[in-house]
Amino acid sequence: MKKLIPLAFASLTLLTISCKSKGAEETPATTSDAPKGIAYQVDVPRSELKWMAFKPSGSHTGIFPIAGGNIYVDGDLITGGKIDINVAGLQVLDLEGQDKADLEGHMKGTIPGKENDFFNVAQFPTATFTILGSTKLDNDPLGTHMINGQLTIKDITKPVNFKAVVDLSSGMALKATAEPFVIDRTEWGISIMSKKFFDNLKDNFVNDEVKIQLTIGAVKG
């Protein structure tokens, strides 16, 4: 099987999401005030991030486990929070044996000489999505809320805004399941085999766009 070098990132999505990465902020916004509302703790066993990456010869899929985090809710709005993504726990799902181990090692940066091709988990074991707030959406088939936040990977922070269907109907839990959405990996400094940065790749390039699908469960408390 011809190997594909996949590239994936993380971002929070809640139920049904349509997402687009925007802007070029390098420093996250800060505030002296804690988010308003009730804290919901991320339920790690019920949460994960799936990714799919592409090149002309095919695609690969995998997951990043969720390490933890909190989401704050005030009434029917998400007011803030942070989701921690376990980059060091990256798994490739569509390969087995040595092919799987080789690709996971390359993406994690555990192969000598290739530490910085992708994630370099020895230096950057986690990524984070910081929620800055939300607004309600009316009669939108793609979501009940627009979620505004910032995604940090390898100490690079970019704005990420997306639509989400937020389900708080139980009163004790927050349900979150994403529709696939797309981000541009090169915005977070991962440019390996990108046609933006390398000439004469012909068909040996990896798409800059990566599909993400995140499932989050969270409980009050």
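Here are some numbered notes to read alongside the structure, which is a predicted model.

1. **The overall layout.** Start by walking along the chain. The protein chain holds 1 helix and 12 strands. Read from the N terminus, the order of these elements is β-β-β-β-β-β-α-β-β-β-β-β-β. If you trace the contacts with a separation of 6 or more, you will find that 68% of them are between residues 24 or more positions apart.

2. Please look at the confidence before the details. The mean pLDDT of the protein chain is 82, and 84% of the residues reach at least 70. Which strand has the lowest confidence, and which the highest? Strand 1 (residues 18-21) is lowest, with a mean of 43, while strand 6 (residues 91-92) is highest, at 96. Over residues 1-32 the pLDDT stays under 50, although the model gives this stretch 146 contacts beyond four places in sequence. Where pLDDT is low, the predicted coordinates should not be read in detail.

3. **Strand 7 and its partners.** Next, find strand 7 (residues 126-136). Lys82 stands opposite Thr130 of strand 7. Strand 7 is also joined to strand 8 (residues 145-153), again antiparallel, by 8 bridges. Here Thr128 has Thr152 in strand 8 as its bridge partner.

4. **Surface and interior.** The protein chain has 221 residues, and 45% of them are buried. Its accessible surface is about 10,500 Å², with 50% belonging to carbon and sulfur atoms. What about the inside? The largest nonpolar core is made of 45 residues, and Trp51 and Phe119 have the most contacts inside it. Strand 12 (residues 209-220) gives the most to this core, with 5 residues.

5. In one of them, the ring centres of Phe64 and Phe119 are 5.5 Å apart and the planes meet at 85°, so the pair is edge-to-face. The partners come from distant parts of the chain, 55 residues apart: Phe64 belongs to strand 4 (residues 58-74), and Phe119 to the loop between helix 1 (97-108) and strand 7. Why does Phe64 count as buried? Its relative accessible area is 1%, and buried means under 20%. Phe119 is buried too, at 2% relative accessibility.

6. **A tilted pair.** Phe129 and Phe162 also form an aromatic pair, this one tilted, with 5.6 Å from centre to centre and 40° between the planes. This pair, too, links distant parts of the chain: Phe129 is in strand 7 and Phe162 in strand 9 (residues 156-164), 33 residues apart. Are these residues buried or exposed? Both Phe129 and Phe162 are buried.

7. **Two positive phi values.** Finally, visit the loop between strand 11 (181-184) and strand 12, where you will find Asn200. Asn200 has a phi near 60°, which is positive in a residue other than glycine. With a relative accessible area of 76%, Asn200 is exposed. Lys202 is found in the loop between strand 11 and strand 12 as well. Lys202 is not a glycine, yet its phi is positive, at about 55°. Lys202 also counts as exposed, at 72% relative accessibility.

Conventions:
Residues are numbered from 1 along each chain as its sequence is written. This is a predicted model: local features need pLDDT of at least 70, side-chain atom pairs count only at pLDDT 80 or more; totals for chains, interfaces and linings use all residues. Side-chain values use heavy atoms; hydrogens and water are left out. Two strands pair if DSSP finds at least two bridges between them. Helices (H or I, at least four residues) and strands (E, at least two) are DSSP runs, numbered from the N terminus. Buried means under 20% relative accessible area, exposed over 50%, partly exposed in between (1.4 Å probe, protein chains only). Contact means heavy atoms within 4.5 Å. Accessible areas come from the Shrake-Rupley method with a 1.4 Å probe; for residues, only the protein chains shown count as cover. pLDDT is the predictor's confidence in each residue, from 0 to 100. A nonpolar core is a set of buried Ala, Val, Leu, Ile, Met, Phe, Trp, Tyr and Cys residues joined through side-chain atoms within 4.5 Å. Rings of Phe, Tyr and Trp (its six-membered ring) pair if their centres lie within 6.5 Å; planes under 30 degrees apart count as stacked, over 60 as edge-to-face and the rest as tilted.
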